[in-house]
Amino acid sequence: MTTLIKNGTLITASDTFQADILIEGEQISQLLTPNSEVSQLPGLDVVDATGKFITPGGVDPHCHFDLPMFGTVSSDDHYTGHKAAAFGGTTTVMDFAPQAPALTPSPTGRGGESGFQRGMEEWLKKAQKAAIDYSFHMNLTRFDDSVAAEIPTLVEMGVTTLKVFTAYNGRLRLDDGGIFRALRVAKEHGMLVMAHCENGDVIETLIPEALAAGHTSPEWHARTRPSWGAVESTLRMAAMAQETKAPVYIVHMNAGGEADMLEYARERGVPVMGETCPPYLFFSIEHLQRPDGAKWICSPPMRSAADNSRLWEGLAEGSIQTIGTDHCPFFFDGTKPIRYEGKEIAIPGKELGKDDFTKIPNGLPGVQDRLPVLWTYGVRAGRISANQFVALTSTNPAKIFGLYPRKGAILPGADADIVIWDGEKRVKYGVAHSHQRTDYNLYEGWELVGYPEKVFLRGKMIVDGEKWLGKSGDGQFLKRKQGEIL
Ligand code: URP
Ligand code: ZN
Ligand code: ZN
């Protein structure tokens, strides 16, 4: 099929200009000056984008679909989450495959079988229902010489990124020695290490103290996960990046001090990059103090208005490279069903921790919200430019994670993942407008100006206004190559 999107204004990471886009099959074949002869060719499927602007499909580098935790599961799976992403203008998502637990006894008798293959198989199976394109990072949650020896098999599987944790003691955390050695191996194989930065030991000390003192409300989730822990952990990761020369990417940056540390390290040539997420730009501990504060519980937690501002500054100055979502939704009240695609569904959620903040499932919805909320409250509010918006939410993640220029670009040869926006559309946003499979939305009642109108995935229109044209199984697994250091 050949499609021409004509008369639109293209916004890329570097330019804004008028051009027609010719799509042949799944790729963009040409960018044409408006009204060129091609537009007269018979048999063309013409989409008129007069008065609209066009961006490359969003690339969300950080999502968790169908993730079991806290005795329940994140409430969007690889179909519902993908569909929500598409309605919000995102056409590529990256999830985290788990490192499967060690087999005991190990099949070789030598111990240390990595669990990478089993983790990947599990996640690839879940993702068979994918509706948009996707890839995986690998959580690295145990490490020894035999695990290290299997890291190159990930690259062969198209997984060029490892996530490490400096918190969640006894579950996901690696000690600093393990992280340091993993960085060396990653460097050797051209991989990028992503780091969840908090101080696990401080957190594990503060939580029982808070509970013993009777502090059980959501606000104490933030009070027991102090901001300075995130800051020093970010600097610790930067120090190890400097020593090993391995690139590091700090996920879900939440504290202003982390932006300071990133800037400090980058000014000294350390290969360290960072991602923040919309909630850390808009919300604070005050939201956790509300009666429905559990809605904002995720890790790391919401900080302060000053932190919000410092993160915006880091984005505008270019010291923070991406905005992901860390989409990991739960119901606020999972005892009451919602309707999704005509069926009732209820999944246990935040109510599990109504008497104890440590039992509230950690994670927030956001995969659909990211682009429209950032367009209105980032670009239109003058905090970032339209080109920075595209860089932060599409082009930079594609480059850093080895998908560029197939993804994140409107260029001949790129996948035709395209979003046509109605820049004038006014939306009173909220749960009723969202396809995220949960019973609440963090941006309830927010006024948005500008919303994705048509969304194409590899040349196929999957969203047309309110109509869903995509389907389960349409999404492709993307094997990633080595990314760039930005
Ligand atoms: O609370 C969150 N962010 N849940 C997802 C897991 C993580 O650490 O990213
Ligand atoms: Zn994390
Ligand atoms: Zn996450």
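**Close-up 1. K425 and E466 join in a salt bridge.** In this predicted model, the side chains of K425 and E466 meet at 3.9 Å, N to O. A salt bridge here is a side-chain nitrogen of Lys or Arg within 4 Å of a carboxyl oxygen of Asp or Glu. K425 sits in strand β18 (residues 418–428) and E466 in the loop between β20 and β21 (467–468), so the pair ties together parts that are 41 residues apart in sequence. Helices (H or I, at least four residues) and strands (E, at least two) are DSSP runs, numbered from the N terminus. K425 is partly exposed, with a relative accessible area of 30%, while E466 is exposed at 56%. For these words, buried means under 20% relative accessible area, exposed over 50%, and partly exposed in between (1.4 Å probe, protein chains only).

**Close-up 2. R458 and E26 pair across distant parts of the chain.** The closest N and O atoms of this salt bridge are 3.2 Å apart. R458 belongs to the loop between β19 (447–457) and β20 (460–464), and E26 to the loop between β2 (16–24) and β3 (27–32), 432 residues apart. R458 is buried, with a relative accessible area of 8%, whereas E26 is partly exposed at 35%.

**Close-up 3. R236 and D176 form a salt bridge.** Here the N to O distance is 2.9 Å. The pair links distant parts of the chain, with R236 in helix α7 (residues 227–244) and D176 in helix α4 (residues 176–188), 60 residues apart. R236 counts as buried at 19% relative accessibility, and D176 as partly exposed at 29%.

**Close-up 4. The zinc ion (ligand 3) has a tetrahedral site.** Have a look at the protein donors: H62 (NE2), H64 (NE2) and D326 (OD) lie 2.0 to 2.2 Å from the zinc ion (ligand 3). Donors are N, O and S atoms within 2.8 Å of the metal (3.2 Å for Na, K and Ca); water is not among the atoms, so sites may look incomplete. The four donor atoms make angles of 88 to 132°. Four donors count as tetrahedral if all angles lie between 85 and 135 degrees. For orientation, the ideal angle for four tetrahedral donors is 109.5 degrees. Along the chain, the donors follow the spacing H-x1-H-x261-D. H62 and H64 are both buried.

**Close-up 5. K163, H196 and H252 coordinate the zinc ion (ligand 2).** The contacts run through K163 (NZ), H196 (ND1) and H252 (NE2), at 2.1 to 2.2 Å. H196 lies in strand β12 (residues 192–196) and H252 in strand β13 (residues 248–253), so these two tie together parts that are 56 residues apart in sequence. The donor spacing reads K-x32-H-x55-H. Both H196 and H252 are buried. The zinc ion (ligand 2) and the zinc ion (ligand 3) are 3.9 Å apart.

**Notes for all views.** Residues are numbered from 1 along each chain as its sequence is written, while chains are lettered from A and ligands numbered from 1 in the order in which they are written. In this predicted model, local features need pLDDT of at least 70, side-chain atom pairs count only at pLDDT 80 or more, and totals for chains, interfaces and linings use all residues; side-chain values use heavy atoms, with hydrogens and water left out.

Technical notes:
Four donors count as tetrahedral if all angles lie between 85 and 135 degrees; four count as square planar and six as octahedral if opposite donors are over 155 degrees apart and all others between 65 and 115; anything else is irregular.
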